[in-house]
Amino acid sequence: MMEKEIKIQTKHLWFYYHGRTILENIQVEIEKNVITSLIGPSGQGKSTFLMTLNRLWENIDGARAKGSVDINFGNGFEDIYTVPVSRLRRQVGMVFQVPNPLPMSIFKNVAFPLRLMGEKDQIRIAQKVRDALERTFLWGEVKDRLSEDARTLSGGQQQRLCMARALILEPQVLLLDEPTSSLDETSGRVIEDLLLDLKRTCTIVLVSHYMDQVKRIADNGLVLTDRQLKQH
Amino acid sequence: MTNAFWDKLLALFSWACALLLVGAVSVIIGFLVVKGYQTIHLELIFSTTRPLDALLFKQQVFDGLFPAMVGTLFLVVLSMGFALPVGLASGIFLAEYAPPRVKWIFSLLFDVLAGIPSIVVGLFGFSITIFLHHSFSDRIFPCLLISSLSLSFLVLPYIIRTTQISLESLPLQVRLTAPCLGATKLENIFLVLLPSSLSGIVSGIVLAIGRCAEDTAVIMLTGAVATAGVPRSIFSSFEALPFYVYYMASEYADPLELTKGYGAALILLILCAGLFVVAYAIKTRLTLKTPYRF
């Protein structure tokens, strides 16, 4: 039997928001290249847990975390607090519940992370944008309107655009905060197919409220209740 | 009485208030048009000077509105030139960097500053001029520069607070989008947050432009005079449309002069409308174009 390869591990992870304890002593291991679902009642801190994995909580006033989060980027486990935050977030992508295209064209939205990295090669940028859009099954729908404002796309298209934007840097981990909850069933299924395809190269942590979706696509499960995270 | 009745009553009241406001604006504009449209012709602006000579600043215009129009335009551009960078930077600081206590104190101070009557700001500018005149050089007098600085001080709170509020009202998800992709705080502010809140910021700028163009109390104490001609430099005194309107309304010798005042008021409105259109055009352009190129 093949041994499980662990990608992320947390040790004694606590999280506080304006002094209130949100997560309590979280100790969890997340397997590499599988879809791990995270379920639990609303308001328990599922999104917060995702933000502890890419240090996004540091951008929120009143938030504080303690404990350790280690991720294996290929050279053994590294404490994420010792990794430069920009590098960490390029390796640990995140997609939110509500699509959040930036106020710019479709092309520039997807190319935005490359711009942040200082990429200047136009041909390379164009190729990577095309690859990312193809991976999210969006290229065929937008290839003739790349210069249009991304906010003119439908909700499902916007969410796939956000995934393309997160994927263009080829992250090793993808954090998804209820990515299908604002979409219709058809668009939701497209995203699910995409996730099943992505797990070949990516470790996916998926927050979802839909048990049928979890059963369909998740390999492992975590449940968050009363500030505690347990294996499902 | 039922909730539906109160709902309808409130809706009716809201409609009545909105219509009253639109009606009041229409009456004011209509009144100015009726009173002033007869005087709107080239002679009111350029008097007996050839328009091309006046526009190329080859010849001074006496007894026409051209110097006041140019003075107003210079005043607005200079004031906004001083106020915009400081106002935007302060607004960004308050929204993105200031600790809560500092933010609270500064916000309160800027709100108080916004409530200071313009005549007090004018007096302050005038006092500073006298101080500089006595302390540094007897060649320092009220002039375009001092008027512009005083006006920029007057409109600064509008720009600061609208920038701050526009940035703060962005949803958390928009704020987190760029950091999620590895952007630094500065990249997030300039590439995402400012373009996303441009609409609110431009509204503040438009308000500030209007205030700069119409304020009389500040400029009458800090540099505006009735017959200065087109200002030769920022250290010259100058004419301005609101001061001309005030002067004509209070000192007119015959009904024709008063009619000229109405004409000047109409031109001031058109000038302000033009500046607003430019501000909105810039906003539209900046919103459609992304803030960077590949």
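## Architecture of chain B

In this predicted model, chain B contains 13 helices and zero strands. Read from the N terminus, the order of its elements is therefore α-α-α-α-α-α-α-α-α-α-α-α-α. The C-alpha trace of chain B extends over about 65 × 65 × 40 Å along its principal axes.

Chain B has 294 residues, of which 38% are buried. Among the contacts in chain B with a separation of 6 or more, 75% are between residues 24 or more positions apart.

## The contact between chains A and B

On the side of chain A, 22 residues are in contact with 19 residues of chain B. Three helices of chain A, namely helix 2 (85-91), helix 3 (106-117) and helix 4 (122-135), each contribute at least two residues to the side that touches chain B. Helix 3 of chain A provides the largest share of that side, with six residues. By residue class, the side of chain A that touches chain B comprises twelve nonpolar, five polar and five charged residues.

## The largest nonpolar core

The largest nonpolar core holds 133 residues; Val110(A), Tyr244(B) and Ala264(B) are the members that touch the most others. Helix 4 of chain B (residues 66-97) supplies the largest share of this core, eleven residues.

The surroundings of Tyr244(B) can be described individually. Apart from neighbours within four places in sequence, Tyr244(B) is in contact with Leu65(B), Ala68(B), Glu239(B) and Ala264(B). Of these partners, Ala264(B) is itself named among the core members with the most contacts to other members.

Phe49(A) belongs to helix 1 of chain A, which covers residues 46-53. Phe49(A) counts as buried because it has 26 C-beta neighbours inside 10 Å, the threshold for burial being 20 or more. When residues up to four places away in sequence are not counted, Phe49(A) touches Leu23(A), Leu38(A), Leu224(A) and Leu229(A). The C-alpha atom of Phe49(A) is separated by 26 Å from that of Glu3(A), a residue 46 positions away along the chain.

Thr177(B) is located in helix 8 of chain B (residues 172-180). Thr177(B) is classed as buried because 24 C-beta neighbours lie inside 10 Å. Residues up to four places away in sequence aside, Thr177(B) touches Asn100(A) and Leu102(A) of chain A, together with Val192(B) of chain B. Thr177(B) and Ser233(B) are 56 residues apart along the chain, and their C-alpha atoms are separated by 47 Å.

Methods:
Residues are numbered from 1 along each chain as its sequence is written. Chains are lettered from A and ligands numbered from 1 in the order in which they are written. This is a predicted model: local features need pLDDT of at least 70, side-chain atom pairs count only at pLDDT 80 or more; totals for chains, interfaces and linings use all residues. Two residues are in contact if their C-beta atoms, placed from the backbone, lie within 7 Å. Helices (H or I, at least four residues) and strands (E, at least two) are DSSP runs, numbered from the N terminus. Ala, Val, Leu, Ile, Met, Phe, Trp, Tyr, Cys and Pro count as nonpolar, Asp, Glu, Lys and Arg as charged, and the others, Gly among them, as polar. A nonpolar core is a set of buried Ala, Val, Leu, Ile, Met, Phe, Trp, Tyr and Cys residues joined through C-beta atoms within 7 Å. A residue is buried if 20 or more other C-beta atoms lie within 10 Å of its own, exposed if 12 or fewer, and partly exposed in between; C-beta atoms are placed from the backbone.
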